[in-house]
Structures are given as structure tokens and as C-alpha cells.
Amino acid sequence: MSRKVKCVKMGETLEGLDFPPFPGPLGQKIYENISKEAWKQWLNQQTILINEYRLSSLDPKAQTFLKEEMEKFLFGGEQIEMPKEFGAPE
């Protein structure tokens, strides 16, 4: 049976992640409060940010930027700002 969480992003009880997405308190917070669907949405958003801003996952500044955007997206109740160059697919 799948684990359910009250997803703070989606505002409803949905299937939870199978394990924390990374170690530490933030990973645990995501595991306890974010659904698989919301996490999937974040991963798509993250891919857009990485591609449009040409970020390197090895760059500490890029890591910090992505972490901040992730927290805004998942817990801030706000849309994150998309790159000006990005046009959503129709």
C-alpha cells in the first residue's frame, strides 16, 4: 500500500514519495509534506531552469539557486519566475 501525505503544494492528500529525495532536514521535510505529483512537477520545473539558465549541477551558486527555487515552488505557495527566454510549449 502506498504512503499518503497531506501535500502542501497540491493542497490535498496524495501518494507520498517512497524515500527522502536527498539527505538532511530539507529532504525529510519534502518526504513528509510533498506528494509524488508535486515532486514530479518540481523536477520538470528544475529541468527548465537548468536548461534555460544553462546551469551546472557542479556549480555551488547554481545549487543554491535551485534549492531556493525548489523551496519557493514546493512550500512558498508561489510560482517561480521563469526565464524571459522560456516560452511554454503550446
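What you're looking at is a predicted model. The protein has 3 helices and 2 strands, and going along the sequence they come in the order β-β-α-α-α. Of the 90 residues in the protein, 26% are buried. Take the contacts with a separation of 6 or more: residues 24 or more positions apart account for 52% of them.

**Helix 1 against helix 3**

- Two packed helices are described by the angle between their axes and the distance between the axes.
- For helix 1 (residues 25–33) and helix 3 (residues 60–75), that angle is about 25° and the axes are 12 Å apart.
- Angles under 35 degrees count as roughly parallel, so helix 1 and helix 3 are roughly parallel to each other.
- The crossing of helix 1 with helix 3 is left-handed.
- On the helix 1 side, the contact is made by Leu26, Lys29, Ile30 and Asn33. They meet Lys67, Met70, Glu71, Leu74 and Phe75 from helix 3.
- Sorted by type, the residues of this contact between helix 1 and helix 3 come out as 5 nonpolar, 1 polar and 3 charged.

**Helix 2 against helix 3**

- Helix 2 and helix 3 pack with an angle of about 140° between them, and here the axes are 11 Å apart.
- This time the crossing, helix 2 with helix 3, is right-handed.
- Helix 2 brings Ala38, Trp39, Gln41, Trp42, Gln45, Gln46, Leu49, Ile50 and Tyr53 to the contact. Facing them from helix 3 are Phe65, Leu66, Glu69, Met70, Phe73 and Leu74.
- The make-up of the contact of helix 2 with helix 3 is 11 nonpolar, 3 polar and 1 charged.
- Met70 and Leu74 of helix 3 turn up in the contact with helix 1 and also in the one with helix 2.

**Aromatic pairs**

- How many aromatic pairs does the count come to? It comes to 2.
- Tryptophan 42 and phenylalanine 73 make a tilted pair, 5.7 Å centre to centre, with 45° between the planes.
- Tryptophan 42 sits in helix 2 (residues 36–53) and phenylalanine 73 in helix 3, so this pair ties together parts that are 31 residues apart in sequence.
- Are tryptophan 42 and phenylalanine 73 buried or exposed? Both tryptophan 42 and phenylalanine 73 are buried.
- Tyrosine 53 and phenylalanine 65 form an edge-to-face pair, with 5.7 Å centre to centre and 90° between the planes.
- This pair also links distant parts of the chain, with tyrosine 53 in helix 2 and phenylalanine 65 in helix 3, 12 residues apart.
- Tyrosine 53 has 37% relative accessibility, so it counts as partly exposed. Phenylalanine 65, at 25% relative accessibility, counts as partly exposed too.

**The loop between helix 2 and helix 3**

- Arginine 54 is one to look at: it has a positive phi of about 55°, although it is not a glycine.
- Where is arginine 54? You'll find arginine 54 in the loop between helix 2 and helix 3.
- The relative accessible area of arginine 54 is 73%, so this residue is exposed.

Methods. Residues are numbered from 1 along each chain as its sequence is written. This is a predicted model: local features need pLDDT of at least 70, side-chain atom pairs count only at pLDDT 80 or more; totals for chains, interfaces and linings use all residues. Side-chain values use heavy atoms; hydrogens and water are left out. Axes are lines fitted to C-alpha atoms, for helices over the stretch in contact, and angles run from 0 to 180 degrees between N-to-C directions. Helices (H or I, at least four residues) and strands (E, at least two) are DSSP runs, numbered from the N terminus. Angles under 35 degrees count as roughly parallel, over 145 as roughly antiparallel, 65 to 115 as roughly perpendicular and the rest as oblique. A crossing is left-handed if the near helix is turned anticlockwise from the far one by less than a right angle, and right-handed if clockwise. Contact means heavy atoms within 4.5 Å. Ala, Val, Leu, Ile, Met, Phe, Trp, Tyr, Cys and Pro count as nonpolar, Asp, Glu, Lys and Arg as charged, and the others, Gly among them, as polar. Rings of Phe, Tyr and Trp (its six-membered ring) pair if their centres lie within 6.5 Å; planes under 30 degrees apart count as stacked, over 60 as edge-to-face and the rest as tilted. Buried means under 20% relative accessible area, exposed over 50%, partly exposed in between (1.4 Å probe, protein chains only).
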